[in-house]
Amino acid sequence: MNLPYFLIPIGLATWLYAPVLFFGKTKIFGDSIIHNLSVIEFNRKMIHEGISPLWTNLLFGGHPYFAEGQGGFFNPLNFMVALLFNPITGQNIYNWLTTIIGALGMYGLCRQLRCGRAACTFGALVVVFSSYWLQYHDNITVSGAMCYIPWVFLFFERWIEHPVVKSSLVLAVSVSLLIFAGYPQAFHGTIIYMVVRMIPTLFSGYIGSRADNSLRQYLLTGLGAVAVCIGLTAVQWLPLVELAALSHRSGGVDIVFQLPLD
């Protein structure tokens with residue numbers, strides 16, 4: 001039974017955020033003030049006051065909302081938190097939820113890889129309570145993207161094991177959520193991992209070892225997952241394609257070297 005093991009990361013995440021959840025405190029550090037509060041505030045104004053999501057001067061000086069993606073409006077987690085909480089409380093609730101979501105995804109991934117329940121729990125705790133993970137609680141765009149990565153890997157492994165329509169659709173939806181979270185570096189790294197992960201599958205003799213995992217099955221369901229993901233996330237990347245060329249960063253950025261002082 002997995003429930004007792006689920007309660008361990010949930011309990012530790014709740015203990016970590018207990019000052020916020022129960023004692024009226026808040027955790028603000030790093031980019032929290034300049035990013036988290038403005039993102040949630042804009043989402044709240046969009047939901048409750050009806051301001052346009054197509055353009056805003058409330059985030060980073062003004063940009064087309066869906067073209068930039070930092071607001072993460074189509075991320076259900078952003079929408080729920082902005083709907084129910086004020087920005088100060090909401091950013092902490094958000095990171096409490098991302099810790100739990102990420103831990104449960106990591107637990108499921110480890111179970112998919114045939115690890116025991118205790119080992120899965122340990123793996124989940126190591127990931128979501130690592131200094132790297134906790135560091136990015138100062139930026140809900142990053143923490144929101146990171147919590148979906150274990151789920152993408154979980155559904156990717158299930159698709160490799162059973163390349164059928166159902167598994168490919170679930171994989172497509174999970175990758176779409178990662179894109180909607182708004183941190184493209186997380187998406188890029190995840191895609192690189194999945195491509196590299198496929199290499200041993202291609203050359204190990206696994207493909208074609210069963211009736212339902214032929215190369216044709218992988219191609220059809222894999223391309224189907226890509227097509228569904230592209231369709232679901234078009235609202236995010238189509239404006240970006242059109243407007244990226246107008247950005248002052250479209251030609252790249254210069255490297256600034258620290259010059260020695262005389």
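User: What counts as a salt bridge here, and how many salt bridges are there?
Analyst: A salt bridge is a side-chain nitrogen of Lys or Arg within 4 Å of a carboxyl oxygen of Asp or Glu. The model is predicted: local features need pLDDT of at least 70, side-chain atom pairs count only at pLDDT 80 or more, and totals for chains, interfaces and linings use all residues. Residues are numbered from 1 along each chain as its sequence is written, and side-chain values use heavy atoms, with hydrogens and water left out. By this rule, the number of salt bridges is 4.

User: How many residues apart are glutamate 41 and lysine 45 in helix α3?
Analyst: These two residues form a salt bridge, with closest N and O atoms 3.5 Å apart. Helices (H or I, at least four residues) and strands (E, at least two) are DSSP runs, numbered from the N terminus. Helix α3 covers residues 32-48, and about one helical turn separates the pair, because their spacing is 4 residues.

User: Is glutamate 41 buried, partly exposed or exposed?
Analyst: Buried means under 20% relative accessible area, exposed over 50%, partly exposed in between (1.4 Å probe, protein chains only). Glutamate 41 has a relative accessible area of 28%, so glutamate 41 is partly exposed.

User: Which residue forms a salt bridge with arginine 114?
Analyst: Arginine 114 is exposed, at 60% relative accessible area. Arginine 114 lies in the loop between α6 (87-112) and α7 (117-128), and its partner sits in helix α10 (residues 149-161), so the pair ties together parts 47 residues apart in sequence. The closest N and O atoms are 3.1 Å apart, and the partner is glutamate 161.

User: Which helix holds arginine 197, the partner of glutamate 157?
Analyst: Glutamate 157 and arginine 197 form a salt bridge, with closest N and O atoms 2.9 Å apart. Glutamate 157 is buried at 8% relative accessibility, whereas arginine 197 is partly exposed at 23%. Glutamate 157 lies in helix α10, so the pair ties together parts 40 residues apart in sequence, and arginine 197 lies in helix α12 (residues 184-203).

User: Which residues do salt bridges that share partners join into one network?
Analyst: Side chains of opposite charge can pair when their charged atoms come close. Shared partners link salt bridges into one network of Glu41, Lys45 and Glu49.

User: How many disulfides does a search of the whole structure find?
Analyst: A disulfide is a pair of cysteine sulfur atoms within 2.5 Å. Cysteine 147 is buried at 0% relative accessible area, and cysteine 229 is buried at 10%. The search of the whole structure gives a disulfide count of 0.
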